[in-house]
Structures are given as C-alpha cells and as structure tokens.
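The following exercises treat one structure, each with a worked solution.

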Amino acid sequence: MGSNIAGLMDFVLNNRRIQLPQCRPQTTLLEWLRSNGLTGSKEGCAEGECGACTVLLVRPHGTGSKYVPVNSCLLFLPTLAGQEVLTIEALNENKQLAEAQFAMAEAGGSQCGYCTPGFVMSLFAEQYRPGRAGPCDPHSMGGNLCRCTGYRPIRDAALSLGPAPDDSFRGRLSSPAPSMIPVSYTSIEGRLERPGDLAQCTTFLKKYPDAKILAGATDLAVESNLAYKRWPVLMSIDAVAELQVFQDAADHVEIGAGLPLSEIEFLWEHAPLVAREWLPLFASILIRNRATLGGNLGTASPIGDAAPMLLALDAELKLGGANGIRRVKLQDFFLGYRKTQLEPGELIVSIIIPKPFPNQARFYKVAKRRMDDISTVAACFAVNFDADGRIAQARLAYGGVAAVPIRVTEAEQSLLGKRWDELAVKQAQAIIASELKPLSDHRGSSAYRLAMAQTLLKKFWCER
Amino acid sequence: MNILRKVVETFAHVMPDRDRDELIQRHRFLGQPISRLDGRPKVTGAAHFSAEYPVEGLVHAAIVYSTISKGAIVAIDTSTAQQAPGVLSVITHLNAPQMKVPPPFSVGDSPSSGTTLVKILNTDRISWNGQPVAVVVADTPEQAEHAASLIHPVYAAEPGVNSFEESIPQAKQPKEIMGEAPEVKKGSADVILKDSIHRVDLTFTTPPYNHNAIELHAAIAIWDGNDKLTLYDTSQFTAGTAASIAGVFGLKTENVRVISPFVGGGFGGKGGLWPYTQLCVLASRITGRPVRLTPSRAGVFRIVGGRTPSQQRVAIAAEPSGKFSTFIHEGVTAQSTDNHFPEQFSFPPRHLYAMDSYRIAQKVTEVNRVANTFMRAPGESIGTFAVESAIDALAYELNLDPVELRMRNEPDRDPVSGNEFSSRYLREAYTMGADKFGWKNRPAAVGSQRDGDWLIGQGTATGTYPVYRVVTAARLRINADGTAHVQTSCQEMGMGTETVQTQHAAERLALPMEKVKFEYGDSTLPAASVAGGSSQTISVALAVHEAADNVIKELLSLAQKDSESALAGAKFDDIHAAKEGIFRRDHPHLGQTYVAILKHAGKDFVEAEHKTGAPLETMKYSMHSYAAQFCEVRVHRLSGEVRVSRWVGAFDCGRILNPKTAVSQFRGGIIMGIGMALTEETMFDDRTGRIMNPSLAEYHVPVQADVPHIDIVYTDIADPHTPLGAHGVGEIGITGVAAAIANAIHHATGKRITSLPITLDKLM
C-alpha cells in the first residue's frame with residue numbers, strides 16, 4: 001500500500017484506491033477534490049477557519065480506527081500517501097442518508113447549504129467517535145462556521161443523534177487504520193519527504209538544511225494557499241515515531257512534538273486544569289486534530305498559544321539533530337522575532353513538563369472572538385506556595401505582548417516571599433507596566449494589551 | 001420628491017385595494033413547518049454552487065488588484081507573467097477591448113445590477129485600493145494565481161480620500177435616498193430640543209462591515225460562438241446580471257443565460273454585478289475557452305463592497321410623560337467616488353414613533369474605497385442602533401421603563417407620510433416578547449445584578465424593516481398528468497424559497513406538494529427581481545397567484561366547452577381550486593379534476609405567464625415589519641468581555657408561511673446582529689485605503705460558542721394588504737439587535753457605548 005516510487009502514490013478515497021497523478025507537492029486535498037468532480041467539499045477561506053472543506057481521515061485508535069475530521073484545505077496531497085479519506089460523497093453511497101445528514105436536513109440545519117457538508121462531516125465523526133455515549137456534542141462542530149442559521153438547528157441536529165448505527169462505517173472502525181508510511185515524493189515543482197524515523201529525519205535535514213519542516217501544516221498550508229509561498233523541499237514529520245511519544249511519568253510529562261493536540265487531549269488523562277482549559281481556546285477541533293506543539297513552538301510566532309502555557313509550566317524541549325539530542329529550557333528557546341535556538345538541520349523532538357504541577361496555574365486568552373481566534377493577549381500564570389502560604393515560585397508568561405512569548409521575570413521576583421493578596425498583585429501589575437512594551441496593531445493597541453496583561457493577573461488572583 | 005412620483009402616489013391613494021386573498025386562511029401547507037425541499041441535495045454535497053458545474057475544457061482566471069487607492073497606472077509589465085507556466089492570456093487596460101459600463105442597480109422594468117461606474121480594465125485611473133488592474137488566464141487556478149503575483153504595476157499615486165472620518169466635513173446631501181427625500185422636517189426641532197428639560201443628544205458611529213457569506217463569489221463563463229454566453233454566477237439577481245452583462249459586452253439580453261439556483265449565502269453581497277463576473281466573461285471571450293474565476297476571500301473583500309460606515313446623531317426631547325416633543329436623527333454615510341448608494345439609515349424614525357416635530361436628514365461623503373452596497377437590512381440595521389440606543393438613554397433620563405417609553409410613543413398613523421399602517425402589531429410583539437423573556441423581573445437600576453465577576457444586564461430595542469414588493473414574472477403550467485410546473489428566475493440563498501413557493505403553489509392549486517415542481521435560478525425563466533430587500537417571497541407569490549388565476553380561468557373555459565360539464569355555466573368567482581381540480585364553491589362535490597379537463601380537451605397542458613403590477617400598495621399604506629428584541633448580557637468586570645447569554649426575538653411580520661424556515665431566518669439575522677454589535681468590523685488602513693483584515697480569521701463572524709439560546713415568538717397576524725398576508729423575513733432579524741446589546745451592556749455596567757463594535761477595550 002502507498003507506493004512511494006517518486007511521483008507515484010495512492011491512497012484510499014471513499015473506499016476506492018486512487019492513484020494520484022503528478023502534482024505540485026503543495027496541492028491541497030481540497031483543490032484536488034474540487035477539480036476532480038468531488039465538489040461536496042467546499043472552499044470558504046482556504047485557511048482552516050470555516051470548516052466547509054471538512055473531510056475524515058481514518059486514523060488508528062487502539063487496535064481499531066477512528067474518524068478524524070480535518071480541514072482538507074490544509075492537507076498537502078502527497079502527505080495522504082497510504083492514508084484513508086472519506087468525503088461527504090461517501091456518506092450516502094447506497095443512496096440512504098447517513099443519520100447525520102438526515103438530522104441536518106430535518107432540523108433545518110442546512111440553509112444556504114454551503115457550509116453544510118462540513119458540518120455533516122464533523123457531526124458524523126462525532127457520532128462514530130469510539131467510546132462516546134448519549135447525544136452528540138454540538139461543540140464537536142466548533143470548527144465549522146455558519147453565517148445563515150444562527151447555529152440552533154445545527155445544534156438540534158447534533159442533540160437528536162444517539163449512538164452510531166450498526167453499519168459499514170461503524171464496522172470499518174474495528175479494523176486497523178493504515179499506518180503512516182514513509183514517502184519520498186518528487187515532481188518537477190518540488191519534493192516532499194516523509195522519513196520513517198528520527199535518524200532518517202536528521203540525515204535528510206543534514207542533506208537539505210533548507211527543507212521546510214511540515215507538521216500539521218495548519219500554518220504552512222495557509223502561507224501556501226494565501227501567500228502562494230513555495231518550498232522546494234518539504235519534510236513531513238508525521239511518520240516519525242520518536243515525535244509521537246507520550247509519557248506521563250512520576251516527575252514529568254513528555255509530549256512528542258509531532259503529536260496532534262487532540263491526541264494529547266486524549267492521552268493525557270490526568271492533565272492539570274490549566275492544560276484542559278487551554279486546549280479549546282487554542283483552536284477549533286478541526287485544527288487541534290492536526291496542529292502540534294512542535295509546530296506551534298517551532299514557528300516562534302509571538303502570538304502562538306502553546307508557549308505561554310509551557311513557559312508557565314517551566315517546560316523543557318528536546319531538540320534533535322545530526323549531533324544527537326540536546327535539552328533546552330523553553331524560556332531560553334526564543335531568541336527574537338521568529339528566531340529560535342534551532343540550528344540548521346535540527347528539529348523539536350518533544351516537550352517535557354516537570355511535575356508536580358504548580359499549586360495554581362491558569363491560562364487566559366483575550367481575543368476578539370471567544371473561540372477560533374488569534375490572541376490579542378494570551379497569558380498563563382503559575383504560582384507555588386511554601387508551607388507558610390507565601391509565594392515560593394511564580395511564573396507569569398505572555399503571548400502577544402512582545403516579539404517573542406515572554407515571562408515578566410521582574411514582576412515574578414516581586415511576588416516571591418509575599419502573601420498572595422491584592423497588594424502583591426498591585427505591585428506586580430506596576431512592574432509589568434515597566435517590563436512590557438507591546439506593539440499596536442489591528443488586534444489591539446499597545447495600551448490595551450498592557451492593560452490586559454495587568455488585568456489578567458488580577459483575574460488570576462481573583463480566581464485563586 | 002419628483003412630480004411623477006407625486007402623481008403615482010396620488011393615484012395609489014385612490015386605487016382600490018387588491019381583493020383579499022382567501023389563501024390567507026388556508027393551512028394545509030401554508031403555515032406548516034415543512035422541511036426544506038433542497039435539504040437532501042445540500043446535506044449530501046450534491047447541490048452545485050456556481051463554481052462547481054462540470055464544464056469541459058475549463059481554464060482559470062486570477063485578478064491582480066491595485067495597491068493604491070487613487071492615481072494612475074504608469075506602466076504595467078506583463079512579460080514575466082505571460083511566460084509563466086500554463087498562462088494563456090494576460091489582460092490589462094492596454095489590451096482589453098472596450099466594454100460598456102453597466103447602468104446603476106435598478107429593479108424596475110429594465111433591470112440592471114451595476115455597482116460602480118469605474119471602467120474596469122478600460123482605464124488607467126485607479127479609484128480604490130483593490131481595483132482590478134489585470135486578469136490572468138491559465139490552465140490551472142494555481143498557475144493563474146502565480147502568474148498574477150508576478151505583475152507589479154507602476155503607479156503614479158495621488159492622495160486619496162481614504163479616511164471616512166476625515167471626509168465627513170465634505171459630506172453633501174444627496175438628491176434622494178431610494179426615491180425618498182434626504183431630509184424631512186416638521187416644526188422647530190432645534191428650538192424645542194434646546195428648551196426641553198428631558199432630552200438626550202448622542203452621536204453614534206458604526207464601522208464598515210462585509211457580508212462574508214461562506215461561499216466565495218465565483219463565476220464560470222462560456223462563450224458560445226460570437227454572440228451567446230452561458231454564465232454560472234453566484235448571483236441574487238439573475239435577470240439583472242443577464243441584462244447588465246449583455247450591455248457590457250454588446251450582446252442581446254436573451255442571448256445571455258445566467259444560471260444561479262443555489263447561492264451559498266448572499267446577504268446583499270451577491271445582489272450587484274461585481275468586477276469578477278465581468279472579468280470572467282472577458283477572459284472567456286478573449287481566450288475562447290470556458291473560464292472559471294473564484295477570487296480568494298481576500299479578493300472578495302477587495303472587489304465586493306460591504307456596508308458603509310456611518311456617523312449618526314440622535315437627539316430626542318420628551319415631555320415628563322415620555323411623549324416625544326421632537327426627534328432629530330441626522331448623519332453621514334460613505335459611498336465610493338464612483339457609485340451612488342447613500343445607505344438609508346434615517347428611515348427607521350420616519351415610521352416608528354409619534355412625533356410632534358422632527359428633523360430627519362442624511363448626507364453622504366465620497367471615499368476612495370470599493371463601492372458600498374446593501375448588506376442585510378441596509379439602513380435599518382445601523383439606523384436602529386443609533387435610534388434605539390438613544391431611546392434607551394432617554395428612558396433612563398425620564399426614569400421610565402424602556403418598553404413603556406416606546407409604547408407611549410406608538411403612532412396611530414405613519415408619522416411622516418400620514419399614511420395608514422397596513423398592519424402594525426408592535427405592541428403585541430412587545431407583550432409576547434416581554435412575557436417570554438421575563439422582562440417584568442428586570443431590576444430598573446443599572447449595575448444591580450452580578451454573578452461573581454460577571455455584571456449582568458438586560459436590554460431591549462425595536463427592530464423595523466419595510467415591506468418591499470417588486471415587479472416579478474412567473475409562468476405556471478398544469479400538465480395532463482395533473483402535475484404543475486412553476487417557473488421564475490428567482491434564487492434560493494437558503495431562505496426557503498423553493499420550499500415556501502412549492503407550499504404556496506400546492507395550496508393555490510389544491511395539489512399535493514409532490515405534484516408541484518418549482519423551477520428557478522435561471523435568467524431564461526420569466527424574470528424575477530433581486531432576491532433582496534426581503535421582497536422575494538411575496539413578490540413571487542403574487543406573480544404565481546395571478547398566473548394561477550389565469551390558468552384556472554383557461555381550464556374553466558376548456559371545461560365549459562363541454563356543455564355536460566359539472567362546471568357548465570359557472571363564473572370564475574363561483575369556482576375554486578380543490579381536490580386537484582376545479583370545483584363549484586356552492587356545490588363542493590361538483591367539479592372536474594385537472595386531469596379530466598385536459599384529457600377531455602385533448603391538451604398536454606395549460607399555461608400562463610404573468611407579470612405583476614407596480615407595488616402601489618406600498619405608497620398607499622405604511623407597510624413595515626417589526627421586532628421587539630430582548631437580550632441579556634454578561635460583562636466581565638475585569639476584562640470587559642461581553643457574552644450574550646439569552647435572547648428573545650418577538651416579531652410582527654404578517655403571516656408566517658413556514659415556521660421552520662422563517663424562524664431560522666430570524667435567528668440568522670439576530671446572530672449577524674450579534675456579530676455587528678460585538679466582533680465584526682472591516683478595518684481600513686487610512687494611510688493607504690487598504691483593508692487590513694480581509695479574511696475569516698481576522699474578520700470575526702460569530703462562531704457557535706458566541707451564540708446564546710435564542711427564543712423566537714411571532715404575532716402571526718396576516719397583513720391584509722400583502723400577498724398571502726405575509727412579509728419578507730430576511731432582514732428584520734438583524735434590526736434592533738446591536739441596540740438591544742448596547743442597552744443591555746449599559747444596564748449591566750452603566751456604560752453607554754455609542755460606537756460599534758463594542759470591543760473589550762471600550763469597556764475597560
């Protein structure tokens with residue numbers, strides 16, 4: 001399965017094996033579907049915002065499989081080699097509507113109808129989600145935008161659905177999903193490599209130090225689709241087992257840099273409150289099904305939401321390269337705007353969060369919209385107390401207020417040894433004002449960002 | 001007001017009303033919550049939107065957009081683009097053939113859907129940042145986009161009027177606003193205001209907004225020979241697009257076929273002819289190939305206009321009883337340098353309240369931006385924000401309940417025209433809404449409710465939108481097998497058009513719904529008007545009604561050729577459609593089925609095409625829909641986050657034809673209003689006139705998590721002067737929403753926010 005002879009590859013689309021012709025490595029699945037007559041998947045934004053292009057990947061779940069809804073506008077076609085995909089067209093192949101389709105039509109969840117297939121796919125995946133019980137969760141469609149209905153009939157459709165029927169779609173889930181095979185794909189317009197392990201990765205990177213590292217592509221595909229950016233060589237890390245680790249040990253948690261956020265959510269049974277509240281704010285389910293911590297940290301965006309939390313939790317990174325593995329404190333990782341400690345040929349392997357977790361830690365995100373938005377200011381605060389109830393450790397981390405994700409170390413210092421009271425908060429707020437010089441842009445003015453940075457600390461204290 | 005209009009209005013007042021339609025009382029299909037007929041093709045992905053029609057040999061076009069707002073193109077080097085892989089043609093103002101500029105938008109007897117007078121690709125002049133300056137045609141979309149990215153025109157930039165705020169001092173009063181006077185006044189408003197003890201005087205601002213239907217604008221153009229064109233275009237107005245494109249390219253209108261049954265959301269943004277359509281047709285004409293042009297989301301922002309920004313002043317003086325003694329509403333909107341659309345924000349107070357004196361006036365200013373256009377409830381959505389916020393402020397000034405203050409100013413007749421209301425049950429809507437919401441439990445004092453760090457408040461506002469009916473044609477055919485076909489060129493944007501018109505025709509002809517086929521979305525069908533202004537449902541309904549009457553008349557005369565017929569001797573008024581045929585009213589068992597009549601007559605079908613008359617009833621009566629919006633908000637004391645936690649919309653919109661589709665329209669309007677109030681805004685860089693947030697990631701339409709539980713109630717009282725007793729319901733939902741939220745925020749926090757959107761920073 002999944003021939004990786006240069007220029008040739010196949011994958012299973014709607015239960016049929018498809019041989020793909022030569023294409024640009026950055027051709028998206030959505031582009032390909034729509035230009036090959038499968039127009040049920042829609043394009044509304046080409047950047048993973050609207051969910052109208054949602055398709056399902058069949059991915060491993062224990063010994064069986066699960067349906068993972070993803071934005072097809074963010075999937076580069078060669079990365080599907082050997083994979084299995086379902087589009088809206090597969091759902092009623094025997095002319096009978098899937099329950100999710102019937103429920104949407106009956107509830108009036110389809111109005112203009114353009115966003116509808118995307119909602120149906122998200123809802124279908126939810127109904128067939130292994131281990132789910134009771135009515136379907138409407139928030140499983142949180143990555144899908146509707147401009148017509150006011151969402152109510154769509155929510156009603158979800159709530160009307162119980163367990164998945166005993167059909168071939170459910171039957172499929174009891175057999176294994178395809179594994180992530182190595183790929184070496186070249187075409188006249190570029191190359192996409194998917195090494196099978198870390199050693200192959202670093203060898204490849206040594207040979208092609210300018211290769212662009214591709215994880216969930218939730219950023220790269222946007223640059224590709226909207227800014228028409230082209231990379232001669234792309235390297236996908238999806239098949240690298242070392243980047244997919246998850247270990248919840250006694251004194252630390254290790255999270256593979258290539259693990260999609262929703263996998264982290266699933267695997268991290270004893271995640272602290274701060275991580276659980278961070279996940280839904282990070283991005284929609286459709287994005288979380290692809291986005292990785294390694295990607296979010298590696299792009300070094302000052303408004304990435306992973307860094308503030310990981311800074312507050314005092315995380316360390318394992319970086320891998322031709323010379324082996326080295327460990328770097330996350331707080332030392334960011335060097336400047338979109339600059340990191342990564343050497344050419346090096347990549348993030350995993351993130352290590354020390355245990356025990358702080359006594360109090362919370363994540364806050366201020367954005368123009370409550371969900372599915374880019375942070376104006378993100379903040380994560382963590383404090384530890386001594387036996388006396390005084391502050392023994394404090395880490396106050398921010399995104400969106402400087403060129404890099406940043407900790408306000410002077411304000412942290414000011415808290416040490418103090419009682420956790422309003423006076424301490426006020427003093428720290430004053431220091432924050434001198435430590436931070438945020439930029440003004442269309443997401444918020446400098447003054448507003450600073451005010452938010454200060455106010456969020458008070459919110460943290462109020463919610464102690 | 002011009003003389004002709006005066007004459008027509010006088011005539012309208014003496015004209016008798018249309019006979020009351022007996023279907024107003026029928027409930028077999030009308031008034032039933034029937035699931036939409038287009039549901040199945042939409043949930044399976046089988047429904048084709050304009051970019052999705054399978055066409056052999058399709059090639060693709062991409063647009064190059066100007067990066068200055070005003071000036072001239074000095075040089076445009078296309079040589080690199082010409083040589084890029086797959087490129088078939090690069091068209092600029094230097095090699096484009098002359099095209100006519102389509103006449104401005106009109107829904108009259110000669111429909112047109114022009115949006116700008118700029119000579120797209122026929123001029124070196126630049127009028128807005130984003131104006132198309134070249135179009136590239138290539139084998140694949142990617143090749144076209146890539147080649148387009150290689151073109152960098154050299155401009156001689158001139159200072160443009162980029163800032164709306166800075167342009168306000170140059171504002172002028174337009175000649176007319178949608179046929180109405182730009183200024184109406186009575187008494188000495190300023191003097192009364194000055195001398196009044198109880199008054200408010202507030203200035204409001206609203207930003208530009210964009211429709212952001214989820215479907216991107218798209219067209220496929222196919223030239224057939226020298227003089228025929230098929231055009232798949234996402235259009236709310238197939239007839240207007242066909243006529244306009246024919247004019248631009250010198251074709252006969254009947255040789256241009258525009259196909260657009262399903263529109264993936266419009267909200268006004270697909271009502272006009274925007275440059276991508278013209279450029280797609282141009283590209284097809286030049287290359288001789290079928291061409292598809294789908295601008296990116298950013299591209300749509302650059303070439304499809306949105307809602308104007310506005311600055312509005314509302315000043316109201318009142319007696320201690322609450323009765324308004326004067327009412328001033330004035331302000332400014334923007335239009336581009338090359339279009340004429342002063343958005344009618346000053347319409348709501350012309351019809352809403354009893355006023356002894358008033359001055360209601362609006363001006364318009366010109367900016368170097370993409371032409372503004374209608375966006376859901378043009379005028380009323382932004383107008384009600386200002387008016388209904390000011391009335392709320394006045395209620396506090398007078399220490400009166402905001403609902404009570406409004407009820408004390410309910411007018412008996414239209415306050416400006418003096419016309420009788422055709423149907424106005426706003427009072428009833430308020431009663432229903434207040435009951436459902438539990439308004440009586442609301443404490444009067446501001447800032448008096450709190451849940452932890454969340455401050456809670458409740459607000460209300462009136463919504464209003466006119467009843468528009470437009471001239472529409474329809475063809476109706478009854479076939480020998482007893483089925484019926486109804487045809488008109490109108491659109492299904494999701495409102496439920498196909499479903500409701502099928503319900504109507506089935507009810508009208510006494511057929512089961514399965515025997516009625518409603519065909520639409522094709523300009524070669526009898527011409528419907530624009531699917532806009534909440535006008536389509538009743539406009540099509542009247543055309544179908546009158547066409548059906550003609551068909552029944554003909555069937556009756558066919559039946560009566562047989563002297564033995566049970567219908568012999570019956571006049572049209574003696575019979576009606578019943579049991580899939582024609583039966584006597586006085587002897588309900590006497591009659592014949594359509595099948596029997598046609599079989600006996602030896603005919604395959606009987607059909608009639610009918611075009612409705614001008615909407616004179618809207619000149620005789622003051623005809624409007626109304627809403628009483630109630631909401632609860634929670635405002636975070638520290639962060640200023642606003643969450644809408646509860647909503648009740650109570651509507652008075654005549655008879656509701658299909659509760660399922662109508663309620664969804666109301667809710668959709670309300671959430672678009674929530675976006676307008678809290679998160680949506682198109683941001684222009686005033687230095688360059690460029691839109692800074694042209695994406696769904698940065699222009700924030702509400703997501704599921706933003707939307708509270710929304711309860712809808714409605715009066716369901718038929719308007720005796722409209723077809724089927726119904727009103728359109730597409731726009732009314734958004735009106736009053738932003739004000740209700742602002743008023744609830746004031747109730748929660750004591751802060752009166754007068755500029756939209758109400759972002760967190762404004763509450764800090």
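**Exercise 1.** With which side chain does the side chain of B:Thr759 make a polar contact?

*Solution.* The model is predicted, so local features need pLDDT of at least 70 and side-chain atom pairs count only at pLDDT 80 or more, while totals for chains, interfaces and linings use all residues. Residues are numbered from 1 along each chain as its sequence is written, chains are lettered from A and ligands numbered from 1 in the order in which they are written, and side-chain values use heavy atoms, with hydrogens and water left out.

Step 1. Locate the residue: B:Thr759 is found in the segment after helix H19 (737–749) of chain B. Helices (H or I, at least four residues) and strands (E, at least two) are DSSP runs, numbered from the N terminus.

Step 2. Identify the partner: the side chain of B:Asp761 makes the polar contact, at 2.5 Å. A polar contact is a pair of N or O atoms within 3.5 Å; within protein, one must be able to donate a hydrogen and the other to accept it, and residues adjacent in sequence count only if both atoms are side-chain atoms.

Step 3. Buried means under 20% relative accessible area, exposed over 50%, partly exposed in between (1.4 Å probe, protein chains only).

Step 4. Note a further feature of this segment after H19, where B:Pro757 also lies: a cis peptide bond joins B:Leu756 and B:Pro757, with omega about -10°.

**Exercise 2.** Describe how domain 2 and domain 3 of chain B meet.

*Solution.* Step 1. Take the bounds, which come from an automatic or database domain assignment: domain 2 covers 50–159 + 214–303 of chain B, and domain 3 covers 471–614. Their centres, taken over C-alpha atoms, are 39 Å apart.

Step 1. Count the contacts (heavy atoms within 4.5 Å): 21 residues of domain 2 of chain B touch 16 residues of domain 3 of chain B.

Step 2. List the salt bridges, each a side-chain nitrogen of Lys or Arg within 4 Å of a carboxyl oxygen of Asp or Glu. There are two between these domains, and B:Arg257 forms one with B:Asp522, the closest N and O atoms lying 2.5 Å apart.

Step 3. Assign the elements: on the domain 2 side, helix H7 (238–249) and strand E11 (256–259) of chain B each supply at least two residues. E11(B) gives the most, with four residues.

**Exercise 3.** How many residues of chain A are in contact with chain B, and what else joins the chains?

*Solution.* Step 1. 65 residues of chain A contact 67 residues of chain B.

Step 1. The two chains bury about 5,700 Å² between them, 57% of it on carbon and sulfur atoms. Buried area is the accessible area (1.4 Å probe) that two parts lose on being put together, summed over both.

Step 2. Seven salt bridges cross this interface; A:Arg443 forms a salt bridge with B:Glu698, with closest N and O atoms 2.3 Å apart. Residue pairs in polar contact number 27 (both at pLDDT 80 or more).

**Exercise 4.** Where is A:Asp372 placed, and is A:Asp372 buried or exposed?

*Solution.* Step 1. A:Asp372 is in the loop between E17 and strand E18 (377–385) of chain A. Although not a glycine, A:Asp372 has a positive phi of about 55°.

Step 1. Most residues other than glycine have a negative phi.

Step 2. A:Asp372 is buried, because its relative accessible area is 9%.
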